[in-house]
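Opening the notebook on a new model. I'll jot down what I look up as I go.

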Amino acid sequence: NVLMEAGKRTALVGHSGSGKSSIFNLLMKFYNPTAGKIIIDGQDIDSSSIQSIRQNIALVSQEVFIFDDTAEANIAYGLDGATEEQIIAAAKSAFCHDFIINLPEGYSTKLGTLGEKLSGGQKQRIAIARAFLRNSPILLLDEATSALDPKTEADIQAALDDLSKNRTTIIIAHRLSTVMKADKMVLLNKGKVIAEGTHNDLLSNQEYKTLFGL
């Protein structure tokens, strides 16, 4: 059994193919477990609807889908019935308000097919703004800053740090800097948990050390 505490950050670590993304897919009910159970707040998610689960989870992944619609509509995708004030507040929290107001038509600017008018960092900020707007108690973060320039990465990381405050946050972690901020690490190998604990706890694990070049 692995306990991911409410209000804490848990980092899933392991080599490619170890099962990190599969855990996210199970939590989002993209498919059901063939063995074992996933319990959220005392309730087996097998007995919960897909809608109720996803209403309580916000996901910021490596792949950000941008609709061929306005900046405002793309952020509003995070919450049905969102007001203009809520959308702007979420954009400011995600550090994307400034670049949006400098677009030709501000929040009414169409972002193009798959966000062709945006940089990678700007797309990530839109995704984070959606998550702020959604304001869900559970946050899933699939690290997506490694391909960005240092300044953009720092801005996005600051937004993610704010977003994860007081939420149950589960992070797919690829870098040591992210791991160091987590309250707990879960080390995976071929779909199995082989170790868990703090960064210091896992320093005695050779696979963990190899993973991060320690």
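**Entry 1: helix α1**

What covers the buried residues of α1? I looked it up, keeping in mind that this is a predicted model. The cover includes β1, α2 (50–55), β4, β5, β6 and β7 (184–189). Next I wanted the buried residues themselves: in α1, residues 20–27, they are Lys20, Phe24, Leu26 and Leu27. They sit on the same side of α1, because the arc they cover around the axis is only 160 degrees.

**Entry 2**

I traced the strand order next. I get β4-β5-β6-β1-β7-β8, an open sheet of six strands with mixed pairing. Its edges are β4 (57–60) and β8 (192–197), each of which pairs on one side only. On average, neighbouring strands of this sheet are turned by 20 degrees against each other, ignoring direction.

I zoomed in on one pair. Strands β1 (residues 9–13) and β6 (residues 168–172) run parallel and are joined by four bridges. Across from Thr10 I find Ile170 in β6.

Which strands does helix α7 lie across? I checked: α7 (residues 150–164) lies across β1, β4, β5 (138–142) and β6. Against β5 it runs at about 155 degrees.

**Entry 3: salt bridges**

How many salt bridges does a search of the whole structure find? I get four. I went through some of them.

- Asp161 and Arg9 meet through their side chains at 3.6 Å, N to O. Since Asp161 is in helix α7 and Arg9 in strand β1, the pair ties together parts that are 152 residues apart in sequence. Both Asp161 and Arg9 are buried.
- Lys181 and Asp161 meet at 3.1 Å, N to O, again in a salt bridge. Here Lys181 is in helix α8 (residues 176–181) and Asp161 in helix α7, so the parts tied together are 20 residues apart in sequence.
- Asp162 and Lys165 form a salt bridge at 3.4 Å, N to O.

Asp161 has a relative accessible area of 18%, and that makes it buried, given that the cut-off is under 20%. For the other pair, Asp162 is partly exposed at 35% relative accessibility, while Lys165 at 53% counts as exposed.

Putting the pieces together, I see Arg9, Asp161 and Lys181 linked in a network of salt bridges.

**Entry 4: nonpolar cores**

Which residues touch the most other members of the largest nonpolar core? That core has 43 residues, and the answer is Val13, Ile75, Ile100 and Ile128. Helix α6 (residues 120–134) gives the most to this core, seven residues. Apart from it I found another core, of 15 residues, including Leu27, Ile38, Ile45 and Leu140. The general rule I have in mind is that nonpolar side chains tend to be buried together in soluble globular proteins.

I then listed what Val13 contacts, leaving aside its neighbours within four places in sequence. Among them are Lys20, Ala173, Val179, Met185, Leu187, Tyr208 and Phe212.

**Entry 5: loops**

I finished with a few loop residues. Thr34 is in the loop between α1 and β2 (39–40). With a relative accessible area of 85%, Thr34 is exposed. I also took a C-alpha distance from Thr34 to Leu160: 32 Å, with the two 126 residues apart along the chain.

Most residues other than glycine have a negative phi, so I went looking for exceptions.

Asp41 is one, with a positive phi of about 55 degrees although it is not a glycine. It lies in the loop between β2 and β3 (43–44). Asp41 is exposed, its relative accessible area being 79%.

Where is Asn135 placed? I find Asn135 in the loop between α6 and β5. It has a positive phi of about 55 degrees and is not a glycine either. At 52% relative accessibility, Asn135 counts as exposed.

Technical notes: Residues numbered from 1 in each chain as written. Predicted model: local features only at pLDDT ≥ 70, side-chain atom pairs only at ≥ 80, totals over all residues. Heavy atoms only, no water. Pairing = 2+ DSSP bridges. Axes fitted to C-alpha atoms, helices over the stretch in contact; angles between N-to-C directions. Contact = heavy atoms within 4.5 Å. Buried < 20%, exposed > 50% of the residue type's maximum accessible area, 1.4 Å probe, protein only. Arc of directions from axis to C-beta. Core = buried A, V, L, I, M, F, W, Y, C linked by side-chain atoms within 4.5 Å.
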